[in-house]
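Dear colleague,

I am handing over the structure we spoke about, and you will find the sequence and the model just below. My notes on what was found follow after that.

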Amino acid sequence: MDNASPSVPSPDRLVQGLVDLLDVEEIDTDLFRGARRPGGQGRVFGGQVIAQALQAAQRSTEAPRAAHSLHAYFMRPGDERFPIIYRVERDFEGRSFATRRVIAMQKGKPILNMACSFQTPEDGMHHQDAMPDVPRPDGLPSERELLVTLGDQIPAAIRAFLSSVRPIELRPIHPRQVMAPAPGEPNQAIWFRLVAPIGDDPTLHRAILAYASDFLLLGTSTLPHGVSWLTHDMQTASLDHALWLHEPFRADEWLLYVTDSPWAGHARGFNRGRIFTADGRLVASVAQEGLIRLREPRG
């Protein structure tokens, strides 16, 4: 029985909405269409394009091969008013590895290029970084709860978006002061998971992690500079994105996303991320360079 208010979707409906968004429809051989976000009117979230492109690549590859890495370049912002077309090129089919190239297009122009590699599972030598010693997610306030406390400090339109319920819950370890940021160390960490369980399809869990891997990352490079994405005249955009998938995981169980930024300059910030399961397994690594430009005030 669905006990949610008619105006507030249940966790199951929220998650199903994300699953539907990240699904892609095959319209011809190696040609797919990604849905638009219902009600969306602005710029497409980069994680959505990455996840849909990964889904298209996965649809062109048979099990037991599984995606283990992707490298994407953003070229143009996507427009939420239109679906996205994904063309897959099967560049290589080897005995152990296969590669796919995906071009995401809107209105006849490419908005993203992505290369993706797949591997047939095999055993091998193993080591990994240890998971940082951080507070567990139980008892930490969610990002939504923290933002609601800011109340009228946030512009009404942005406040409505940030306070809405979402399919992925975020619980920051050390919450940022987005309205009055002070310079700090270029690292942060956050727990995240889907708000409702999904099935056991590993391709779907990988797509959702790819979507979530675009959270948090770019803002890490702004931390030493006392600015945030809400700072007036601050312009940010992802330029490229790389994701390595190391181990199996579930996106509907708590995952820890730890990020750092070793360098920024020339209006670009470089960011790295590591994603751990709650029991300490390193399941993914991420890297991204993005635009972080503080524009000159207009005269």
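Arg295 sits in the segment after strand E12 (282-294), and in this predicted model the residue counts as partly exposed because its relative accessibility is 39%, between the 20% and 50% limits used for that class. Leaving aside neighbours within four places in sequence, Arg295 is in contact with Asp233, Met234 and Gln235. From His71, by contrast, Arg295 is separated by 224 residues in sequence and by 29 Å in space, taken from C-alpha to C-alpha.

The second largest pocket holds about 870 Å³ of space. Its lining is made up of 26 residues, of which Gln119, Leu245, His246, Glu247 and Pro248 are the closest to the centre. At least two lining residues come from each of strand E3 (66-74), helix H5 (202-212) and strand E9 (234-245), and by class the lining divides into eleven nonpolar, eight polar and seven charged residues.

Helix H5 also packs against helix H1 (residues 11-22), with an angle of about 95° and with the axes 11 Å apart; since angles of 65 to 115 degrees count as roughly perpendicular, the two helices H1 and H5 are therefore described in that way. On the H1 side the contact is made by Leu18, Val19 and Leu22, and on the H5 side by Leu204, Ala207, Ile208 and Tyr211, which gives seven nonpolar residues, no polar ones and no charged ones.

Most residues other than glycine have a negative phi, and most peptide bonds are trans. The peptide bond from Ala63 to Pro64, however, is cis, with omega near 10°, and Pro64 lies in the loop between H2 and E3. Lys107, in the loop between strand E5 (97-106) and strand E6 (109-119), has a positive phi of about 50° although it is not a glycine, and this lysine is exposed, with a relative accessible area of 67%. Leu216, found in the loop between H5 and E9, likewise has a positive phi, near 70°, and counts as partly exposed at 23% relative accessibility.

Technical notes: Residues are numbered from 1 along each chain as its sequence is written. This is a predicted model: local features need pLDDT of at least 70, side-chain atom pairs count only at pLDDT 80 or more; totals for chains, interfaces and linings use all residues. Side-chain values use heavy atoms; hydrogens and water are left out. On a 1 Å grid over the protein atoms alone, a cavity is a set of points where a 1.4 Å probe fits but cannot get out, and a pocket is an open set with protein on both sides within 12 Å along at least five of seven lines; lining residues have an atom within 4 Å of a point. Grid points are joined across faces, edges and corners, and a volume is the space filled by probe spheres set on the points. Helices (H or I, at least four residues) and strands (E, at least two) are DSSP runs, numbered from the N terminus. Ala, Val, Leu, Ile, Met, Phe, Trp, Tyr, Cys and Pro count as nonpolar, Asp, Glu, Lys and Arg as charged, and the others, Gly among them, as polar. Buried means under 20% relative accessible area, exposed over 50%, partly exposed in between (1.4 Å probe, protein chains only). Contact means heavy atoms within 4.5 Å. Axes are lines fitted to C-alpha atoms, for helices over the stretch in contact, and angles run from 0 to 180 degrees between N-to-C directions. Angles under 35 degrees count as roughly parallel, over 145 as roughly antiparallel, 65 to 115 as roughly perpendicular and the rest as oblique.
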